[in-house]
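A short briefing follows, grouped by topic.

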Amino acid sequence: MKRIVSIQDISCVGKCSLTVALPIISAMGVECGILPTAVLSVHTAFDSFTFDDLTDQIEPISANWKENGVKFDAIYTGYLGSFKQLELVSQFFDDHGTDDNLIFVDPAMADNGQLYKGFTPEFARAMGAVVCSKADVIDPNITEASFMLGKEYKADGNYDEAYVKDLLQGLVGLGAKKAVLTGVSLKPGTCGVYGLDGETGEYFSYFNELIDARFHGTGDVFSSTAVGALMRGKSLQDSLAIAADYTVESIKETVSHEDHNWYGVDFEAKFPYLLDRINA
Ligand code: PXL
């Protein structure tokens with residue numbers, strides 16, 4: 001069985017980061033080790049939350065894994081909370097990355113043109129320079145990409161394919177081998193991903209219907225599914241399509257229940273769909 005280690009916070013309730021990565025990756029038949037970077041009562045979109053920083057655990061846990069000969073088929077990072085964590089994660093890549101394993105970075109820190117609480121444009125630039133630069137695959141949304149590159153953010157309906165390609169060129173210019181932009185909408189009513197393989201120069205894209213509802217944690221559902229599918233032997237294009245479709249199915253499921261939560265999607269209910277796709 002393949003083993004991923006996911007490095008991000010654990011928001012105890014709220015369906016994002018590790019409470020999304022663990023169940024989805026496990027359901028896909030892949031082991032999910034975790035390196036929790038912080039414990040929060042709920043994610044930062046809530047009005048209040050507790051926050052206990054676990055930065056000082058990153059080095060000893062990493063060293064202990066080395067000592068025990070623990071190896072990973074993929075290193076998958078998400079939300080990271082400080083410049084120090086960016087440095088430590090970059091060091092983790094040097095210590096645990098090999099020619100055979102995959103470094104997948106979701107620079108989760110912004111959406112809809114805005115950085116999440118507590119982040120600055122300088123932090124976004126550092127996420128690009130220090131962490132994304134060492135990745136095999138990165139999958140920012142357009143907001144995250146524009147902040148990392150210091151380029152203008154354009155909202156849906158206000159950009160064209162040339163803008164998307166320019167962002168992608170900038171992202172592979174950071175050093176990432178492949179860059180995938182999520183939440184790309186080039187035609188009204190559609191939404192999807194647009195990627196660039198920095199080694200071959202080849203662009204690829206996949207579009208689905210745009211659902212007019214925004215939930216926290218959908219980026220984490222997408223990334224967890226994409227890494228899991230890659231570990232199950234799917235190509236990058238197939239993995240991204242499965243991840244995009246499963247995210248849409250999860251959002252549709254969520255909005256079909258009138259009493260749904262505002263903060264996270266009901267991805268659990270669509271596990272049968274995910275497994276059908278992954279086993280196809
Ligand atoms: O990926 C979203 C996310 C993860 N972790 C924390 C967050 C958020 C989004 O707001 O606050 C702590």
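An oxygen atom of the ligand lies 3.4 Å from a side-chain N or O atom of His216, a polar contact being a pair of N or O atoms within 3.5 Å. The protein covers 98% of the 310 Å² of accessible area that the ligand has on its own, with areas taken from the Shrake-Rupley method and a 1.4 Å probe. This is a predicted model, in which local features need pLDDT of at least 70 and side-chain atom pairs count only at pLDDT 80 or more, while totals for chains, interfaces and linings use all residues. Residues are numbered from 1 along each chain as its sequence is written, and side-chain values use heavy atoms, with hydrogens and water left out.

**Ligand site**
- Thr44 places an N or O atom of its side chain 2.6 Å from an oxygen atom of the ligand, and a polar side-chain atom of Asp9 lies 2.8 Å from a ligand nitrogen atom.
- The residues around the ligand (a heavy atom within 4 Å) include Ser11, Cys16, Leu40, His43, Tyr79 and Asp220.
- By class, this shell has five nonpolar, five polar and two charged residues.

**Second largest pocket**
- The second largest pocket has a volume of about 200 Å³, and Lys71, Phe72, His96, Thr98 and Asn101 lie nearest its centre among the 13 residues that line it.
- By class, the lining of this pocket has three nonpolar, four polar and six charged residues.

**Sheet**
- Nine strands form an open sheet of mixed pairing, in the order E3-E2-E1-E4-E5-E8-E9-E10-E11.
- Strands E3 (51-53) and E11 (203-209) stand at the edges with a single partner strand each, so one side of each is left without a neighbour in the sheet.
- Strands E5 (residues 102-105) and E8 (residues 137-138) run parallel and are joined by two bridges, with Val137 in E8 as the bridge partner of Phe104.

Note on methods
A polar contact is a pair of N or O atoms within 3.5 Å; within protein, one must be able to donate a hydrogen and the other to accept it, and residues adjacent in sequence count only if both atoms are side-chain atoms. Ala, Val, Leu, Ile, Met, Phe, Trp, Tyr, Cys and Pro count as nonpolar, Asp, Glu, Lys and Arg as charged, and the others, Gly among them, as polar. On a 1 Å grid over the protein atoms alone, a cavity is a set of points where a 1.4 Å probe fits but cannot get out, and a pocket is an open set with protein on both sides within 12 Å along at least five of seven lines; lining residues have an atom within 4 Å of a point. Grid points are joined across faces, edges and corners, and a volume is the space filled by probe spheres set on the points. Two strands pair if DSSP finds at least two bridges between them. Helices (H or I, at least four residues) and strands (E, at least two) are DSSP runs, numbered from the N terminus.
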